[in-house]
Amino acid sequence: MTICDGCDGILGIGYGIENIVTIVTTVTDDDGKDGLMGLKNVQISEELFFALLKYHLVEIDDVLPQIKNGLEEKLEAMVKRDLYTKYKTAPTEEEREKARQEYLEKVGMHRSFRW
């Protein structure tokens, strides 16, 4: 991967395949203390990562819609994954079914296609 700045303030990125960037975040507990239990990895596309770099480091405002869109898509994917995990790991059949219905609703599965 090559990152170039042609002295015009625009970063040029040369790479053929979309890569994934892993960001490690620390999630605090309800009491405000952070700990290793809250350590999570979040992966974003290389395209979104470089848009964030352009905005924060080079101060290019044109990438804001791209950043907003990318972060909204990532948040949506994280919510869907969380609902799916709850569906698969719920302790009771009742909770499992509730989580399954929430997941199917979130992914847009029409009610007539559900079992």
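Helices and strands here are DSSP runs, numbered from the N terminus. With that in hand, welcome to this predicted model. Its protein chain has 3 helices and 4 strands, and from the N terminus on they follow the order β-β-β-β-α-α-α.

Some overall values for the protein chain come next.

| Property of the protein chain | Value |
|---|---|
| Share of the 115 residues that are buried | 20% |
| Share of contacts with a separation of 6 or more that join residues 24 or more positions apart | 31% |
| Accessible surface | about 9,000 Å² |
| Share of the accessible surface belonging to carbon and sulfur atoms | 55% |

Let us look inside. The largest nonpolar core is made of 7 residues: Val42, Ile44, Leu48, Ala51, Leu52, Val63 and Ile67. Both β4 (34-45) and α1 (46-57) supply at least two residues of this core, and α1 gives the most, with 3 residues.

Now for helix α3, which covers residues 93-107. From its first C-alpha to its last, this helix of 15 residues reaches 21 Å, close to the 21 Å expected at 1.5 Å a residue. Which residues of α3 are buried? They are Ala99, Arg100 and Leu104. These three lie on the same side of α3 because they cover an arc of only 135° around the axis. An α-helix has 3.6 residues a turn, so residues three or four places apart point the same way. The buried residues of α3 pack against α2 (64-89), while Glu94 and Lys98 are exposed on the other side of α3. Just after α3 comes glycine 108, with a positive phi of about 85°.

Key: Residues are numbered from 1 along each chain as its sequence is written. This is a predicted model: local features need pLDDT of at least 70, side-chain atom pairs count only at pLDDT 80 or more; totals for chains, interfaces and linings use all residues. Side-chain values use heavy atoms; hydrogens and water are left out. A nonpolar core is a set of buried Ala, Val, Leu, Ile, Met, Phe, Trp, Tyr and Cys residues joined through side-chain atoms within 4.5 Å. Buried means under 20% relative accessible area, exposed over 50%, partly exposed in between (1.4 Å probe, protein chains only). Contact means heavy atoms within 4.5 Å. Accessible areas come from the Shrake-Rupley method with a 1.4 Å probe; for residues, only the protein chains shown count as cover. The expected span of a helix is 1.5 Å times one less than its number of residues. The arc is that of the directions from the helix axis to the C-beta atoms.
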